[in-house]
Amino acid sequence: MAIGIMLTFFDFRNDVRKVIGEMALRDTIVLFIRKEHESLVQPYLSTGFQYRIIEEHTANPINRLAHILFLLFRKLPKSKQNYFLMEQFKSQNLPEQLKKKAKKALQLQRLLPKWMSYDLYLQMLRYSGKTSLEDISRMLVWTEVYDDYLFARCLRNKIPTDVYVYSWDHTCKQVRFSKRAQYLVWHAGIADDLQQLQGIDAQQIHIVGSTQLGYIKAYQQLAATQPHKEQYFYFGCGVGLTQLIPEEIRVILIIAEMIRQVKPDHVLLVRPYPNCRDWQIYAPLHEHSHIQIEDDYRQQDLSIPENNIVQKFDRISRAKAFFHTGTTLGLETCFTDTPSFLVDMAEDTGEPISLFHFVHQYQNEKYLIQGGSHNVIQQMNQLVEVLHAPENPTYMQLSYQVRDMFPVADFSEMANRLLKPTA
């Protein structure tokens with residue numbers, strides 16, 4: 001027997017590949033992918049897993065109707081703003097004709113009644129049943145659900161199915177949460193998010209930890225002592241929406257200019273958003289004398305080389321302070337000896353898609369803003385205070401809170417937990 005795995009973006013989720021490699025040492029692992037993604041998986045077969053092509057999609061009137069109904073009338077998470085930001089991000093790299101359709105669908109979603117659950121959609125789907133599942137004893141699915149048809153078949157055929165909530169913000173912005181699956185989450189806070197935002201029963205949720213934080217554990221084991229602080233501050237870009245990146249750039253330039261005035265012997269090291277396809281948009285940053293662009297970690301396929309992940313944490317640890325507008329890296333910084341600051345200086349323009357709403361996403365409000373007022377920069381005088389004395393112990397209180405909430409485990413332990421989540 002074997003464990004099946006379904007997930008998106010296998011090619012640039014380094015942590016997922018590490019965990020699957022560990023799982024493959026203990027059990028037979030079969031990755032299920034669509035034909036168009038086969039070339040993205042083949043370079044990593046040395047990890048030890050097998051793969052099969054999903055052949056469940058069928059073109060018929062019922063499936064077309066189900067797709068249209070779910071697209072327009074889908075039930076959304078209670079944190080709707082997160083959802084609309086994410087859908088806008090997903091649509092921006094589509095071909096122009098599809099982009100127009102996606103924009104129209106989002107406009108209609110804001111207006112139309114939201115009555116169609118994901119489970120109703122799955123029940124309507126008619127799959128082919130061609131994918132070989134005879135030896136699959138359990139299906140492990142990473143959010144967001146990769147293939148609705150195969151997922152529907154697993155649930156209908158009562159194959160034990162666990163959904164691993166991969167990121168701290170997935171419960172806030174995704175819609176594919178079936179009430180017929182079991183769920184694996186990072187920690188108790190995300191278990192609560194899953195109940196409150198998606199209506200999943202507490203009995204279906206199990207805490208296993210975070211694969212994303214596995215590299216933090218690896219870095220902690222490598223760095224026996226905290227590295228010496230150097231003369232720079234660090235900004236991690238988190239905005240992937242092309243229309244919002246100029247707003248984030250304005251925030252970066254404000255910080256850089258204040259560094260020039262307050263700490264002229266320091267610079268601002270800026271890490272562009274790795275999944276932004278066209279880095280030319282960051283060109284204005286090159287013109288400021290106190291900005292250095294970190295660009296040695298990006299590869300052609302948007303993945304990040306293994307050694308650069310550890311290097312990332314080393315650079316954060318050497319910085320005097322870390323700034324961001326709402327990114328997982330801001331959370332990860334809390335596991336270093338560098339204070340992490342959420343920059344909330346964008347004004348509320350009233351637009352549904354804005355940097356203000358990006359900063360005030362559900363997960364930022366719950367885990368970074370509500371518990372760390374000293375680490376939320378809203379005024380210029382606060383920024384000046386931080387630049388003058390980033391070593392102030394007050395600024396590390398948020399980090400200690402985050403460490404208490406988000407326990408970290410190495411990849412070997414995460415593999416064990418995912419293989420036996422209820423043990």
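Reply: Buried means under 20% relative accessible area, exposed over 50%, and partly exposed in between (1.4 Å probe, protein chains only). This is a predicted model, where local features need pLDDT of at least 70, side-chain atom pairs count only at pLDDT 80 or more, and totals for chains, interfaces and linings use all residues. Residues are numbered from 1 along each chain as its sequence is written, and side-chain values use heavy atoms, with hydrogens and water left out.

Me: Is S46 buried or exposed?
Reply: S46 sits in the loop between α2 (38-41) and β3 (50-53). Its relative accessible area is 74%. The cut-off for exposed is over 50%, so S46 is exposed.

Me: How far apart in space are S46 and I254?
Reply: In sequence, 208 residues separate S46 and I254. In space, C-alpha to C-alpha, the value is 47 Å.

Me: How many helices and strands does the chain have?
Reply: Both kinds are DSSP runs, numbered from the N terminus: helices are H or I with at least four residues, strands are E with at least two. On that basis the chain has 18 helices and 13 strands.

Me: What is the radius of gyration of the chain?
Reply: The radius is taken over C-alpha atoms, and the globule rule is 2.2 Å times the number of residues to the power 0.38. With 423 residues, a compact globule would come out near 22 Å. The chain agrees with that, at 22 Å.

Me: What share of the contacts with a separation of 6 or more comes from residues 24 or more positions apart?
Reply: Contact means heavy atoms within 4.5 Å. Of the chain's contacts with a separation of 6 or more, residues 24 or more positions apart account for 69%.

Me: What percentage of the residues counts as buried?
Reply: The count runs over the 423 residues of the chain. The buried part is 56%.

Me: Which residues have the most contacts inside the largest nonpolar core?
Reply: A nonpolar core is a set of buried Ala, Val, Leu, Ile, Met, Phe, Trp, Tyr and Cys residues joined through side-chain atoms within 4.5 Å. The largest one has 95 residues. Helix α7 (residues 148-156) gives the most to this core, with 6 residues. Those with the most contacts inside the core are M139, F151, Y164 and L418.

Me: How many residues are in the second, separate core?
Reply: This core includes V239, A256, L268 and I369. Its size is 42 residues.

Me: Where is L241 found, and which residues is L241 in contact with beyond four places in sequence?
Reply: L241 lies in the loop between β8 (232-236) and α11 (245-262). At 4% relative accessibility, L241 counts as buried. Q92 is 149 residues away from L241 in sequence, yet 7.4 Å away in space, C-alpha to C-alpha. Leaving aside neighbours within four places, the partners of L241 are L85, Q88, F89, Q92 and I353.

Me: Is H170 buried or exposed?
Reply: H170 is placed in helix α8 (residues 170-173). Beyond four places in sequence, the contacts of H170 are R13, T143, E144, V165 and F177. Its relative accessibility is 7%, so H170 counts as buried.

Me: What is the phi of K158?
Reply: Most residues other than glycine have a negative phi. K158 is in the loop between α7 and β5 (161-164). At 72% relative accessibility, K158 counts as exposed. K158 is not a glycine, but its phi is positive, at about 60 degrees.

Me: What is the phi of F9?
Reply: F9 is in the loop between β1 (2-6) and α1 (14-24). With a relative accessible area of 49%, F9 is partly exposed. F9 is not a glycine either, and its phi is positive, at about 55 degrees.
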